[in-house]
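Okay, thanks for coming, everyone. Let me put the model up, and then I'll walk through it.

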Amino acid sequence: MDDTIAAIATAPGAGGIAIVRISGPQAEAIARYLFRMKNGKPPILETHHLYHGHILSPEGGIIIDEVMVALMRAPRSYTGEDVLEIHGHGGYLLPQRILEEVIKAGGRLAEPGEFTKRAFLNSRMDLSQAEAVADMIAARTERGLELAQAQYQGRLSEGIEKLSTEIADILARMEATIDFAEDTNDLPEDKTIPKRLQNIVRDLNRLAASYGEGKIFKDGVSLVIAGRTNVGKSSLLNHFMGRQRAIVTPIPGTTRDFIEESVRIHDIIVRLTDTAGIRETGETIEQAGIDMVWKRVAAADAVLILLDGSEEMTAEDIEVIEKLHGKPLIPVINKADLPQILSENEIFRILPGKVAIRISAKYGNGMEDLKEAIYGHFCQVRSDNHSSEIITHLRHRLAIERAVFHLCEATVGAIRDVSPELTVADLRDALDALEEIIGKTANDMILTRIFASFCIGK
Ligand SMILES: Nc1nc2c(ncn2[C@@H]2O[C@H](COP(=O)(O)OP(=O)(O)O)[C@@H](O)[C@H]2O)c(=O)[nH]1
Ligand SMILES: [Mg+2]
């Protein structure tokens with residue numbers, strides 16, 4: 001970390017302002033080298049002040065951009081190092097040219113997430129907070145943002161710290177027992193330990209279980225619209241999009257490729273995929289499209305199975321439904337504007353426990369009900385009670401599950417009164433697992449993986 005990193009911190013493209021961010025020991029020297037005040041003099045930079053002037057190319061003294069610069073001296077900065085921000089005009093080339101000068105002056109191009117990685121390594125935030133920075137940037141729904149912000153503000157860290165402290169306390173007691181036993185052979189047994197361990201396990205299990213919901217809010221869900229040809233799959237996608245996104249014709253086999261678009265239903269993002277209609281076909285291109293449907297279906301969180309209400313169920317419909325066996329299904333009957341032949345009972349017979357929703361993709365009838373059904377499928381209750389803690393990262397869930405495993409072993413050990421040394425080892429492992437979440441024990445590989453998914457300049 002003794003080099004100085006630099007990157008454009010704002011989104012690329014046309015925009016009012018772009019910021020080049022620099023962090024490291026050379027930050028101030030780079031400012032003094034490239035930046036001149038309006039009177040042509042190099043600046044005397046007070047920390048956390050904005051200065052107006054120019055970035056000049058040192059070789060020819062040519063003005064590259066009119067800018068404001070701010071130096072934030074260590075440790076009071078995002079990374080905990082000296083940080084320089086150059087606020088110039090936005091655009092395709094200007095920020096790039098400033099960055100090039102910064103690199104020539106001794107900076108190095110930052111890797112994705114490297115600023116935040118340094119912030120973590122300098123203890124400006126813990127690892128779960130660093131992850132939340134990326135989540136806040138990526139959030140596309142209010143709920144997703146809210147969860148990211150809570151994590152950034154340290155809510156998860158606090159919960160984990162609290163449970164870790166409890167484990168550490170039990171660990172200390174167990175260790176004392178071991179030492180004591182050596183002296184006197186008289187074990188002052190603590191009967192409350194198994195109960196205390198079970199309480200921790202209960203809290204951790206609750207947290208691990210919240211991942212299902214947390215993931216939905218953070219990453220959204222994928223829903224494939226499947227069905228035989230001509231039931232109205234593309235019409236449905238178009239209705240969701242509010243525009244003519246997919247081609248709709250009365251000719252079966254119109255859609256060959258799949259089309260994926262995101263729509264928002266309340267506070268979740270649903271990635272909808274319109275697919276080729278499933279039928280027997282001798283046509284190579286169409287068959288390739290149909291093969292792809294099954295790949296999409298395999299990866300989807302759920303499948304919306306669309307049927308044509310104006311016709312009897314066909315052998316193809318039944319075949320599609322049979323092939324979808326085991327996949328979470330949302331049955332929908334389309335073309336409700338036409339005289340209806342297909343009954344809900346028939347669906348109920350083939351898909352026990354499922355109630356189909358009747359819509360008209362062409363005219364929009366029943367679309368609100370459908371949205372509620374889709375939402376309800378993924379989030380059991382639409383709660384405005386946001387108080388309970390929710391985790392959104394698989395990494396966190398796996399660490400929690402590992403901690404639970406060791407805590408259960410420790411509990412069994414404590415109850416059966418087996419070797420306290422083994423119980424102590426289990427408690428240590430549980431503690432290690434939990435501390436991995438906040439990065440106290442995270443190794444280089446974990447860090448690399450986490451920060452590689454960040455954007456450059458963050
Ligand atoms: N009457 C009626 N026709 C529809 C409805 N939805 C789709 N269609 C018609 O059914 C035909 C096939 O629609 P399309 O969306 O291409 O079906 P896909 O093959 O499943 O993608 C087109 O002629 C649509 O206009 C509907 O709700 N009502
Ligand atoms: Mg289609």
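How many nonpolar, polar and charged residues are in the shell around ligand 1? By class, it's 5 nonpolar, 12 polar and 4 charged. For the bookkeeping, Ala, Val, Leu, Ile, Met, Phe, Trp, Tyr, Cys and Pro count as nonpolar, Asp, Glu, Lys and Arg as charged, and the others, Gly among them, as polar.

Before I go on, a word on what we're looking at. This is a predicted model, where local features need pLDDT of at least 70 and side-chain atom pairs count only at pLDDT 80 or more, while totals for chains, interfaces and linings use all residues. Residues are numbered from 1 along each chain as its sequence is written, and chains are lettered from A and ligands numbered from 1 in the order in which they are written.

Back to the ligand. There are 21 residues around ligand 1, and G232, K233, S234, S235 and K362 come nearest; "around" here means a C-beta atom, placed from the backbone, within 6 Å of the ligand. Helix α9, residues 233-241, gives the largest share of that shell, 3 residues.

Now the overall picture. The protein has 16 helices and 13 strands, where helices (H or I, at least four residues) and strands (E, at least two) are DSSP runs numbered from the N terminus. Its radius of gyration is 29 Å, well over the 23 Å from the globule rule for 458 residues, so the protein is more spread out than a compact globule. That radius is taken over C-alpha atoms, and the rule is 2.2 Å times the number of residues to the power 0.38. Along the principal axes, the C-alpha trace spans about 85 × 80 × 40 Å.

Buried residues make up 39% of the 458. Buried means 20 or more other C-beta atoms within 10 Å of the residue's own, exposed means 12 or fewer, and partly exposed is in between, with C-beta atoms placed from the backbone. As for contacts between residues at least 6 apart in sequence, 67% join residues at least 24 apart; a contact is two C-beta atoms, placed from the backbone, within 7 Å.

Let's zoom in on α9 again. L237 lies in that helix, and L237 counts as buried because 23 other C-beta atoms sit within 10 Å. Leaving out residues up to four places away in sequence, L237 touches I225, R245, A246, I259, E261, L272 and D274.

Next, helix α8, residues 211-219. Its buried residues are Y211, E213, G214, I216, F217 and K218. F217 has 24 other C-beta atoms within 10 Å. Which residues does F217 touch, not counting those up to four places away in sequence? The answer is T141, R143, G144, L147, D267, I268 and T392. For G144, the C-alpha atoms are separated by 4.9 Å, although F217 and G144 are 73 residues apart along the chain. Just after α8, G220 takes a positive phi of about 80°.

Helix α7, residues 193-209, has 17 residues and reaches 24 Å from first C-alpha to last, close to the 24 Å expected at 1.5 Å a residue; the expected span is 1.5 Å times one less than the number of residues. The buried residues of α7 are I193, L197, I200, L204 and L207. They cover an arc of only 80° around the axis, which puts them on the same side of α7. Turned away from the buried side of α7 are the exposed K195, N199, R202 and R206.

In α10, the buried residues are G289, I290 and V293. They cover an arc of only 100° around the axis, so they sit on the same side of α10. What covers them includes β8 (221-226). On the other side, T284, I285, A288, D291, K295, A298 and A299 are exposed.

The peptide bond from A74 to P75 is cis, with omega near 0°, and P75 is in the loop between β5 (62-72) and β6 (83-91). S123 has a positive phi of about 60° without being a glycine, and K335, also not a glycine, has phi near 65°. Buried or exposed, S123? S123 counts as exposed, because it has 10 C-beta neighbours inside 10 Å. K335, with 26 other C-beta atoms within 10 Å, is buried.

Methods:
The arc is that of the directions from the helix axis to the C-beta atoms.
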